[in-house]
Amino acid sequence: LIPALKRIMEDGIELAGVHSESGSNEYFAYECNVPFVLRYMIDHDISGAGWMTLPKQTYQVRSTDRKQTHCQAELDITYSDIISRKPE
């Protein structure tokens, strides 16, 4: 979806109520080549293989029939409830 939207923006599209300073209908995507998960980790100071805190009552453990990976445990949590821990 992201590559298609990037192409549409760069090829030019008319958006009601949106005007660029140059008068052109071409727009440039910012950091659309960065995968979403990596962008999230960067924005929230989460390092790879780092520790995170998930406060009590903010997550649910997925049942075995809903698991999507081979991980020992899968959890569902709202992104704003995750607390990243800086490596020492």
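Below, the two of us go through it by question and answer.

Modeller: First, this is a predicted model, where local features need pLDDT of at least 70, side-chain atom pairs count only at pLDDT 80 or more, and totals for chains, interfaces and linings use all residues. Residues are numbered from 1 along each chain as its sequence is written, and side-chain values use heavy atoms, with hydrogens and water left out.

Colleague: Okay, how many salt bridges does the structure hold?

Modeller: A salt bridge here is a side-chain nitrogen of Lys or Arg within 4 Å of a carboxyl oxygen of Asp or Glu. By that rule, the structure holds five.

Colleague: Is Arg62 buried or partly exposed?

Modeller: Buried means under 20% relative accessible area, exposed over 50%, and partly exposed in between, using a 1.4 Å probe and protein chains only. Arg62 has a relative accessible area of 18%, so Arg62 is buried.

Colleague: And which residue in strand β3 does Arg62 pair with?

Modeller: Arg62 sits in the loop between β2 (59-61) and β3, 14 residues from its partner. Their side chains meet at 2.8 Å, N to O. Arg66 bridges to that partner as well, at 3.4 Å. The residue is Asp76.

Technical notes:
Helices (H or I, at least four residues) and strands (E, at least two) are DSSP runs, numbered from the N terminus.
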